[in-house]
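Subject: Structure for your files

Hello,

Here is the structure I said I would pass on. My notes on it follow below.

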Amino acid sequence: MNHPIIKIHVEGFGTMTAELYPEVAPLTVANFLSLIEKHFFDGLIFHRVIPGFMLQGGGYTADMQHKEADAIKGEFAANGFKTNTLKHTRGVLSMARTNDPNSASSQFFIMHENAPYLDGQYAGFGKVTEGEDVIDAIANVTTGNYGYYMQDVPMEAVVIKTMEIVSE
């Protein structure tokens with residue numbers, strides 16, 4: 001099966017290249033590629049950064065306005081989707097969600113370090129193959145709170161300039 005290749009260009013940090021795995025999360029990969037084609041992620045930020053854990057983005061603008069997309073079915077074992085065996089190791093891309101297992105839409109996270117307790121609980125769907133230095137640089141930004149409801153927010157916006165599909 002083909003593994004689509006994408007590039008995530010982050011202003012001031014560089015580019016990450018990732019391959020996506022439709023054999024482990026077909027709906028998730030299709031949704032992510034569709035959002036890239038619509039330029040959904042362009043100008044959005046990594047709004048939650050926790051060193052030693054993960055970087056989360058894909059849902060907020062630099063002025064913290066929420067950008068929504070339609071939710072999809074969660075493709076992970078705890079939600080009855082047994083074929084997704086991707087482990088949450090460094091560089092893995094996975095879908096963020098609320099307590100509702102079918103609430104993932106556009107927000108995703110990139111693992112900074114391994115987190116095996118997420119395996120089977122979230123829909124991993126790809127992995128960074130180039131640009132781990134970008135992951136590390138973003139993980140080391142200064143963070144703080146935004147209002148009373150958001151923690152671990154970079155004090156200076158970490159902007160996704162654009163995402164592109166290199167090959168499908």
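Helices and strands here are DSSP runs, with at least four residues (H or I) for a helix and at least two (E) for a strand. Please keep in mind that this is a predicted model.

By that definition the protein chain contains two helices and ten strands. Their order along the sequence is β-β-α-β-β-β-β-β-α-β-β-β. The radius of gyration is 15 Å, close to the 15 Å that the globule rule gives for 168 residues, so the protein chain is as compact as a globular protein of that length. The C-alpha trace spans about 40 × 35 × 30 Å along its principal axes.

As for the surface, the protein chain exposes about 7800 Å², of which carbon and sulfur atoms supply 49%. There are 11 positive and 20 negative side chains, and the centres of these two sets lie 6 Å apart.

One residue I looked at in detail is His9, which belongs to strand β1 (residues 5-10). The His9 side chain has a polar contact of 2.6 Å with the side chain of Glu164, and another of 2.8 Å with that of Thr15. Leaving aside residues up to four places away in sequence, His9 touches Gly14 and Thr15, and also Val159, Ile160, Lys161, Thr162 and Glu164.

Regards

Definitions and conventions. Residues are numbered from 1 along each chain as its sequence is written. This is a predicted model: local features need pLDDT of at least 70, side-chain atom pairs count only at pLDDT 80 or more; totals for chains, interfaces and linings use all residues. Side-chain values use heavy atoms; hydrogens and water are left out. A polar contact is a pair of N or O atoms within 3.5 Å; within protein, one must be able to donate a hydrogen and the other to accept it, and residues adjacent in sequence count only if both atoms are side-chain atoms. Contact means heavy atoms within 4.5 Å. The radius of gyration is taken over C-alpha atoms; the globule rule is 2.2 Å times the number of residues to the power 0.38. Accessible areas come from the Shrake-Rupley method with a 1.4 Å probe; for residues, only the protein chains shown count as cover. Lys and Arg count as positive and Asp and Glu as negative; His and the chain ends are not counted. The place of a charge is taken as NZ of Lys, CZ of Arg, CG of Asp or CD of Glu.
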